[in-house]
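Reader: I am new to this structure. Please take me through one part of it closely.

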Amino acid sequence: MRVVYSEDHRLHFPQAELSGGQFVTPFERPSRVEYVLNRLKERQLTDIIAPDAVDMEPVRALLDPGYLSFLETAWDEWKKEGMAGEIIAANVPARGMHLDRIPTNIDGKVGYYCHASETAITRGTWAAALSSVASAQTAQRLVAAGADSAFALCRPPGHHATADQYGGYCFINNAAVAAQMFRTSGADRVAILDIDFHHGNGTQSLFYDRSDVMFASLHGAPQEAYPYYLGYADETGRGAGEGTNLNYPMPFGTDYATWSAALDDAIARIRAWGAEALVLSLGVDAYKDDPISFFRLDSDDFTDAGRRIGAMKLPTVICMEGGYAIEAVGINTVNVLEGFKGA
Ligand SMILES: [Zn+2]
């Protein structure tokens, strides 16, 4: 399996994340990728290439132009305004306020385009986000050209990013862009399977009204887990998209028996629907020792999950999402890839 990866991910490394009322070193940090790369090499998975230049057309096809322009210019505007630190949202349009009037002040704009203030923007965030989506795009092109699968080692991740909001460490929804590219490269029905511990709220929102992209997510129940305000089982799609959104929220302490039963159900639904291509949002934070999650998967379980997903035999782009038990991220990620290939 070819791996697509850009060193430019390192351009995004905020100094701090707001967590538990303190500023801490962000859980989503560059070393996550280094652990995955090291493990790939240990396992002789060394077919690693850099992405082609980003193609903004499929990005613009999905995302709000004002949001993209905000991401591109936010750092310069922030600094021009005299802000000393990194960009952190301190205000958001809450209940009863205007959701459709965008402030001109950068502090106001930041809150408008942000849904979770743990995520900071730095000088290199835009360039890193572009390199991340470029990796997903290159992986999709490889698969569209005939490869059975490809792994985009995306960083920053993408599945929490909506058409016009960043948060949850995500800025551009890489998996969604890959799915959109499958549509334009000839697949009539594309499924996105999201096995990250956290609900893929961004991906859900991007395709909620559409009948051509199915979204299935296994995640911590929103009552207990970020992103808290989306991800319930009764969110099944809207209008033409009714029936193509599948949420599997699961409680604290969920083990592999329960989790894999949900996975099997999602796989069966995707198959029955007739998906012609698959995008896998691969987070490995369902791992038992993940510091910000609460499922109980062990490293071997990721191999088995990869095998079940690989048995679908669909052309597949795998996009890296979360996983924060730093030293296990490499093992668990590569276990999924090896299980997938061995299926
Ligand atoms: Zn996650």
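How does Arg10 count by relative accessibility: buried, partly exposed or exposed?

Author: This is a predicted model. Arg10 counts as partly exposed, because its relative accessibility is 42%, and the exposed class starts only over 50%.

Now look at its partner. The side chain of Arg10 meets that of Glu34 in a salt bridge, 3.4 Å from N to O. Arg10 sits in the loop between strand E1 (2-4) and strand E2 (17-19), while Glu34 belongs to helix H1 (residues 31-42), so the pair ties together parts 24 residues apart in sequence. Glu34 is partly exposed too, at 25% relative accessibility.

The whole structure holds 18 salt bridges. One of them joins the side chains of Arg238 and Asp209, at 2.7 Å from N to O. Arg238 lies in the loop between strand E7 (213-220) and strand E8 (245-250), and Asp209 in the loop between H7 and E7, so this pair ties together parts 29 residues apart in sequence. Arg238 is partly exposed at 47% relative accessibility. Asp209 is partly exposed as well, with a relative accessible area of 38%.

Lys288 and Asp289 form another salt bridge, their closest N and O atoms 3.3 Å apart. Lys288 has a relative accessible area of 36%, so it is partly exposed. Asp289 is also partly exposed, at 48%.

Salt bridges can also link up. Asp264, Asp304, Arg307 and Arg308 form a network of them.

How values were computed:
Residues are numbered from 1 along each chain as its sequence is written. This is a predicted model: local features need pLDDT of at least 70, side-chain atom pairs count only at pLDDT 80 or more; totals for chains, interfaces and linings use all residues. Side-chain values use heavy atoms; hydrogens and water are left out. A salt bridge is a side-chain nitrogen of Lys or Arg within 4 Å of a carboxyl oxygen of Asp or Glu. Helices (H or I, at least four residues) and strands (E, at least two) are DSSP runs, numbered from the N terminus. Buried means under 20% relative accessible area, exposed over 50%, partly exposed in between (1.4 Å probe, protein chains only).
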